[in-house]
Amino acid sequence: MAAYTLLQLLEVAVASIVVLIGVLTHSGPVTLLGAGFLIGKAILNILWPEGGSVYQRSLIGYGVAAVFVLGGTIVYHFAG
C-alpha cells in the first residue's frame with residue numbers, strides 16, 4: 001500500500017472518530033468539524049481526475065469544508 005493511500009485512510013479514520021465523539025457527546029460543532037474533514041477529503045479525491053496538484057485540490061476541498069463547518073456552526077448556534 002502506498003504511503004499516500006495509508007495517510008488518506010488514517011485521515012478518514014481520525015475524522016470519523018471526531019464525528020463519533022461529537023455524536024456521542026451531543027456536540028453539534030464537534031460533529032460538524034469531523035464531517036467537514038470528511039467533506040474536504042471527499043472533494044479533494046473527487047477533483048483528482050480534473051488534475052492540479054494535491055495542494056490546489058486540498059485548498060479547494062478544505063475551503064469548501066470550512067464554509068460548511070462555519071455555516072453549520074452558525075445555524076446550530078441560532079437554532080439550538
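In the predicted model, buried residues account for 20% of the 80 residues in the chain. The secondary structure comprises three helices and zero strands, and from the N terminus on the elements follow the order α-α-α. Taken along the principal axes, the C-alpha atoms of the chain fill a box of roughly 40 × 25 × 15 Å. Among the contacts in the chain with a separation of 6 or more, 46% are accounted for by residues 24 or more positions apart.

The packing of the helices was examined pair by pair. Two packed helices are described by the angle between their axes and the distance between the axes. For helix 1 and helix 2, the axes come within 7 Å and cross at roughly 155°. Because an angle over 145 degrees counts as roughly antiparallel, helix 1 and helix 2 are roughly antiparallel to each other. Their crossing is left-handed. On the side of helix 1, the contact is made by Y4, Q8, E11, V12, A15, S16, V18, V19, G22 and V23; helix 2 contributes V30, T31, G34, A35, F37, L38, K41, L44 and N45. By class, the residues of this contact between helix 1 and helix 2 divide into eleven nonpolar, six polar and two charged.

Helix 2 (residues 28-46) also packs against helix 3 (residues 54-79), with axes that come within 8 Å and cross at roughly 155°. This angle makes helix 2 roughly antiparallel to helix 3. The crossing in which helix 2 passes helix 3 is right-handed, whereas that of helix 1 and helix 2 is left-handed. The contact of helix 2 with helix 3 has 16 nonpolar residues, together with seven polar and two charged ones.

Charge pairing was considered next. Side chains of opposite charge can pair when their charged atoms come close. The count of salt bridges comes to one. This salt bridge joins the side chains of E11 and K41, with an N to O distance of 2.3 Å. E11 lies in helix 1 (residues 3-24) and K41 in helix 2, so the pair ties together parts that are 30 residues apart in sequence. Both E11 and K41 are also listed among the residues that make the contact between helix 1 and helix 2. The two partners were assigned to separate accessibility classes: E11 is partly exposed, with a relative accessible area of 32%, while K41, at 7% relative accessibility, counts as buried.

V14 has its place in helix 1 and, at 47% relative accessibility, counts as partly exposed. The C-alpha atoms of V14 and F37 are separated by 9.2 Å, and the two residues are 23 residues apart along the chain.

Most residues other than glycine have a negative phi. In H26, by contrast, phi is near 55°, a positive value in a residue other than glycine. At 68% relative accessibility, H26 counts as exposed, since exposed means over 50% relative accessible area.

Methods:
Residues numbered from 1 in each chain as written. Predicted model: local features only at pLDDT ≥ 70, side-chain atom pairs only at ≥ 80, totals over all residues. Heavy atoms only, no water. Axes fitted to C-alpha atoms, helices over the stretch in contact; angles between N-to-C directions. Helix = DSSP H or I, 4+ residues; strand = E, 2+ residues; numbered from the N terminus. Parallel < 35°, antiparallel > 145°, perpendicular 65-115°, else oblique. Left-handed = near helix turned anticlockwise from the far one by under 90°. Nonpolar A, V, L, I, M, F, W, Y, C, P; charged D, E, K, R; others polar. Salt bridge = Lys/Arg side-chain N within 4 Å of Asp/Glu carboxyl O. Buried < 20%, exposed > 50% of the residue type's maximum accessible area, 1.4 Å probe, protein only. Contact = heavy atoms within 4.5 Å.
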